[in-house]
Amino acid sequence: MENSLSPASITSNLETRFIGQRVIYYPRLASTMEVAKREAQQGATEGTVVIADEQTAGKGRLKRVWLSPKGNIALSIILHPSVAHLPSLIMLASLAVVHSIEAVTGLKSQIKSPNDVLINGRKVCGILIESEVQGNIVNYAIIGIGINVNLRLADFPEIRLTATSLSDELGRSASCLSVVRYLLVDMERLYLALRAGESIYEEWRDNLVTLGRMVRVESGKTTYEGVAESVAKDGSLLLRHSDGSLTKIVTGDAILRN
Ligand code: BTN
C-alpha cells in the first residue's frame, strides 16, 4: 500500500487552486499544529498544509493527547477565512472527511458534533481548529485533522472500545495518500462554495449522528443530559431536557447514550 506523504506525491496534479499547493512535510514531528501556527504567524499563504508521517505529541481538543503513529493521517491546513465563516470551518472539515472516507474506501461515516467523525459508533477522526482573531479580522485559522487509517486498535487498549480505523473496518490496509488528496480537493470545493455564499449547514446537519439521540454533554464544569433536538447554523446544540426545557450549548463534548 502506497503510504508516502511526501510533498511531491500530494501536490502532483492535485486539482486545487490553493489548498495543498504548498506542503510542508515531516517524517516525525511533535505536532503539525505548532508548525502550522508558526508558519501562519510568519505569513504563510492560504492553503499551506503541514503534514507528518508520525507525531510524537499530537494535540487533541481540551488538552487531550492525540495518538498518531506512522500509517495514519496527521495534517494541519492554514486558511484565512472571514470572521463570518469561522463557525463553518468545522462543518466544512468534517464533511470533507466523511466524503473522502467514502470515496476512497466505500465506508460510511457520520459526524458527532462538534469535532468527531465516527464509523459504526467509534471515532475514526478528530478535528481541532485554532484561530487568531483581532476584532473582525481573522489573522489565520488552522484546521488540524487526524484520521486513523492503519491503526491496529488491538495494540491500543486505552482507546480500543471507543476508536476505530479505516483498516480495522475494512480488514485490510488503506491508502493515506488517496485520502489526503481527496480531502484537500473536497475541502477547497466546500471552502469556495462557502465563500460564494452557499450554505453547507444543511448537509452537515443531515450527516450528524447526534440528532434525535439521548446525549450527555460536558461543557466546562457543567454536564447536561437530554435529547439532541437540533443544531443551529453556528454549530451550537439545542438540548431538550426531560422536564421539557431547552438548553443551547455552544461548546461541549457530547457522549451518546443508548
Ligand atoms: C480531537 O479529537 O481531540 C482532535 C484531534 C486532532 C488531531 C490532529 S492530528 C493533526 C493535528 N496536529 C495535532 O497535533 N492535532 C491535530
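Across the domain boundary, 13 residues of domain 1 are in contact with 10 residues of domain 2, where contact means heavy atoms within 4.5 Å. This is a predicted model, so local features need pLDDT of at least 70 and side-chain atom pairs count only at pLDDT 80 or more, while totals for chains, interfaces and linings use all residues. Residues are numbered from 1 along each chain as its sequence is written, and side-chain values use heavy atoms, with hydrogens and water left out.

**The two domains**

- Domain 1 covers 7-205 and domain 2 covers 211-256, with bounds that come from an automatic or database domain assignment.
- Their C-alpha centres lie 25 Å apart.
- Domain 1 and domain 2 bury about 920 Å² between them, 55% of it on carbon and sulfur atoms; buried area is the accessible area (1.4 Å probe) that two parts lose on being put together, summed over both.
- Lys 112, Ser 113 and Tyr 201 supply 40% of the area that domain 1 buries against domain 2, more than any other three residues.
- Don't look for salt bridges between domain 1 and domain 2: the count is zero (a side-chain nitrogen of Lys or Arg within 4 Å of a carboxyl oxygen of Asp or Glu would qualify).
- One residue pair is in polar contact between the domains, both at pLDDT 80 or more; the term means a pair of N or O atoms within 3.5 Å, and within protein one must be able to donate a hydrogen and the other to accept it, with residues adjacent in sequence counting only if both atoms are side-chain atoms.
- On the side of domain 1 that touches domain 2, helix H6 (residues 201-206) gives the most, with four residues; helices (H or I, at least four residues) and strands (E, at least two) are DSSP runs, numbered from the N terminus.

**Around Glu 130**

- Glu 130 sits in strand S7 (residues 122-134).
- Its side chain makes a polar contact with the side chain of Lys 59, at 2.9 Å.
- Leaving out residues up to four places away in sequence, Glu 130 touches Met 33, Lys 59, Tyr 140, Ala 141 and Ile 142.

**Aromatic pairs**

- The count comes to two aromatic pairs; rings of Phe, Tyr and Trp (its six-membered ring) pair if their centres lie within 6.5 Å, and planes under 30 degrees apart count as stacked, over 60 as edge-to-face and the rest as tilted.
- Phe 18 and Tyr 191 form an edge-to-face pair, 6.2 Å centre to centre with 65° between the planes.
- Phe 18 lies in the loop between helix H1 (7-11) and strand S1 (23-29) and Tyr 191 in helix H5 (residues 176-195), so this pair ties together parts 173 residues apart in sequence.

- Most residues other than glycine have a negative phi, and most peptide bonds are trans.
- The peptide bond from Ser 113 to Pro 114 is cis, with omega near 5°.
- Leu 62 isn't a glycine, yet has a positive phi of about 50°.
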